[in-house]
Amino acid sequence: MSAGVASDPLLLPPHRLRVALMQPEIAPNTGNVGRLCVASGTELHLVRPLGFVLSDRELKRSGMDYWDRLRLVVHDDDEAFFGSIGEARIWLFTSKAERSLWDCDFADGDVLVLATKRRA
């Protein structure tokens, strides 16, 4: 059997999907998403303001030993983030959606955006 992505069902093919967290507030949750991004080869975008500092030990602990392998981009604000992604398709995720993520047709280059619920 020849080596390569097609012959190994455990290897993900290369892709250009991106995940963005808009104003994340909880360091361990962000670390968990970062770990998932490392495992799937996905770039992670964090959009300020953040509810923690990037050196937070809770962030590092949930990201474990993978954080240094994360492809991370930090944006100062929403405008900087949306300006950086150009014409990419954007998918907004919320628990209130009428459409399931399983019904979506994600494509290479799409941006998956998760927004946090801002506290009053």
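Helices (H or I, at least four residues) and strands (E, at least two) are taken here as DSSP runs, numbered from the N terminus. On that basis the chain has three helices and five strands, which follow one another along the sequence as β-α-β-α-β-α-β-β. The model is a predicted one, in which local features need pLDDT of at least 70 and side-chain atom pairs count only at pLDDT 80 or more, while totals for chains, interfaces and linings use all residues. Residues are numbered from 1 along each chain as its sequence is written, and side-chain values use heavy atoms, with hydrogens and water left out.

**Chain as a whole**

- Of the 120 residues, 31% count as buried, where buried means under 20% relative accessible area, exposed means over 50%, and partly exposed lies in between (1.4 Å probe, protein chains only).
- The chain exposes about 8,300 Å², of which carbon and sulfur atoms supply 55%; accessible areas come from the Shrake-Rupley method with a 1.4 Å probe, and for residues only the protein chains shown count as cover.
- Among contacts (heavy atoms within 4.5 Å) between residues at least 6 apart in sequence, 68% join residues at least 24 apart.

- Histidine 75, in strand 3 (residues 72-75), is buried at 7% relative accessibility, and its contacts, leaving aside neighbours within four places in sequence, are His45, Leu46, Val47, Arg48, Ala80, Phe81 and Ser84.

**Aromatic pairs and a nonpolar patch**

- The structure holds three aromatic pairs, a pair being rings of Phe, Tyr and Trp (its six-membered ring) whose centres lie within 6.5 Å, with planes under 30 degrees apart counted as stacked, over 60 as edge-to-face and the rest as tilted.
- Phenylalanine 81 and phenylalanine 82 form an edge-to-face pair, 4.9 Å centre to centre with 65° between the planes; phenylalanine 81 is buried at 0% relative accessible area, whereas phenylalanine 82 is partly exposed at 37%.
- Phenylalanine 82, in helix 3 (residues 78-84), also contributes with Ile90 and Leu92 to a nonpolar surface patch of about 290 Å²; patches are made of residues with over 30% relative accessible area and no salt bridge, like charges being joined within 9 Å and nonpolar side chains (Val, Leu, Ile, Met, Phe, Trp, Tyr) within 5 Å.
- Trp91, Phe93 and Phe106 form one aromatic cluster.

**Salt bridges**

- There are three salt bridges, each defined as a side-chain nitrogen of Lys or Arg within 4 Å of a carboxyl oxygen of Asp or Glu.
- Aspartate 108 and arginine 16 form one, with their closest N and O atoms 3.2 Å apart; the pair links the loop between strand 4 and strand 5 to the segment before strand 1 (18-22), 92 residues apart.
- Arginine 48, partly exposed at 35%, forms a salt bridge with aspartate 76 at 3.0 Å between the closest N and O atoms, and aspartate 76 is exposed at 54%.
- Arginine 89 and aspartate 110 meet in a salt bridge at 2.7 Å, N to O; arginine 89 is partly exposed at 39%, whereas aspartate 110 is buried at 2%.
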